[in-house]
Amino acid sequence: MKLKSERRYINTPGTSMEIIILHPLNHKGKLPGILWIHGGGYVTGFAEMVYASCGRMLAKKYGAVVISPQYRLSGKAPYPAALEDCFSALQYMDQHKEELGIDRIIVGGESAGGGLAVATCLYARDNSDIEIAMQIPLYPMIDCQDTESSANNHRPIWNTRRNHMGWKKYLGKLYDNDNISPYASPARETDYRNLPPCYTFVCEGEPFYRETLRYVENLQKAGIMASVDVYKGNIHSFDLLTPWTSQARTARRILCDKYREIIYSDQQEEPND
């Protein structure tokens, strides 16, 4: 399915933010809407990363309207700025369903974008009546404290040193605070009820391996449909950085299957290319 790209500005608390919108061409009827949040350790990254993302892949394969927000990075404004921006994008999608042609909302992203996806789902559950049909937080950055996999990790792309730097920048004065909100570091959450169904994947040797598994386990204990696939290797963001490999292709194929299983579980007819 071919997509067209559009840029808009939307209001967020105290400022405005650019978003990229990907629309399927020549499609009639309602489609899912995907809020896809880019990664970058909360310190870097840009909305255009959506063009290489699993969000775009799902839109092309099944048909969806994708919004990628250029949220404020921590060098410009620490927490809660990025979460405020992502929640504003979620509200925009919900308030413009008719114009955008969407009938349900999915929230996903990679790495820090996966962390913001989880935080956005938590915040929406607690502070709005917006319904989210599915969350896709790929190898999410959600625990500001060291885990068994993020401590003493010297792997490529992302490691302990960079993880500490990213969290210090993002949390600012809150870093090392014992009372950090789960909206800032979602691994601090204790109540996982009423969150959307979840699918994710992660590499076994990367820093976010353990926190990803724990998040899925906590969702399952709360009765939420949630699953994770674990791949061999230690390359963080392997699906983005090595998309030509058989492992990356397998990860994306299985993600498509899980997306289809959850989003079209009501037997609604899938859009055709």
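**View 1. Pro80 in the loop between strand S4 and helix H2.** Pro80 lies in the loop that links strand S4 (65-69) to helix H2 (81-95). The peptide bond leading from Tyr79 to Pro80 is cis, its omega being near 15°. Helices (H or I, at least four residues) and strands (E, at least two) are DSSP runs, numbered from the N terminus. The model is predicted: local features need pLDDT of at least 70, side-chain atom pairs count only at pLDDT 80 or more, and totals for chains, interfaces and linings use all residues. Residues are numbered from 1 along each chain as its sequence is written, and side-chain values use heavy atoms, with hydrogens and water left out.

View 2. Strand S1 (residues 3-12) and strand S2 (residues 15-24) run antiparallel and are joined by 10 bridges; two strands pair if DSSP finds at least two bridges between them. Within this pairing, Glu6 stands opposite Ile21 in S2. The hairpin has two residues between the strands, and Gly14 adopts a positive phi near 80° there.

View 3. Glu110 belongs to strand S5 (residues 102-110). Glu110 is buried (under 20% relative accessible area; exposed is over 50%, partly exposed in between, with a 1.4 Å probe and protein chains only). Ser111 is found in the loop between S5 and helix H4 (112-127). Phi of Ser111 is positive, near 60°, in a residue other than glycine. Ser111 counts as buried because its relative accessible area is 4%.

**View 4. Tyr42 in the loop between strand S3 and helix H1.** Tyr42 is found in the loop between strand S3 (31-37) and helix H1 (54-62). Although Tyr42 is not a glycine, its phi is positive, at about 70°. Tyr42 counts as buried because its relative accessibility is 2%.

**View 5. Leu241 in helix H7.** Helix H7 (residues 238-241) contains Leu241. Leu241 counts as partly exposed because its relative accessibility is 40%.

Notes: Lys, Arg positive; Asp, Glu negative; His and termini not counted. Salt bridge = Lys/Arg side-chain N within 4 Å of Asp/Glu carboxyl O.
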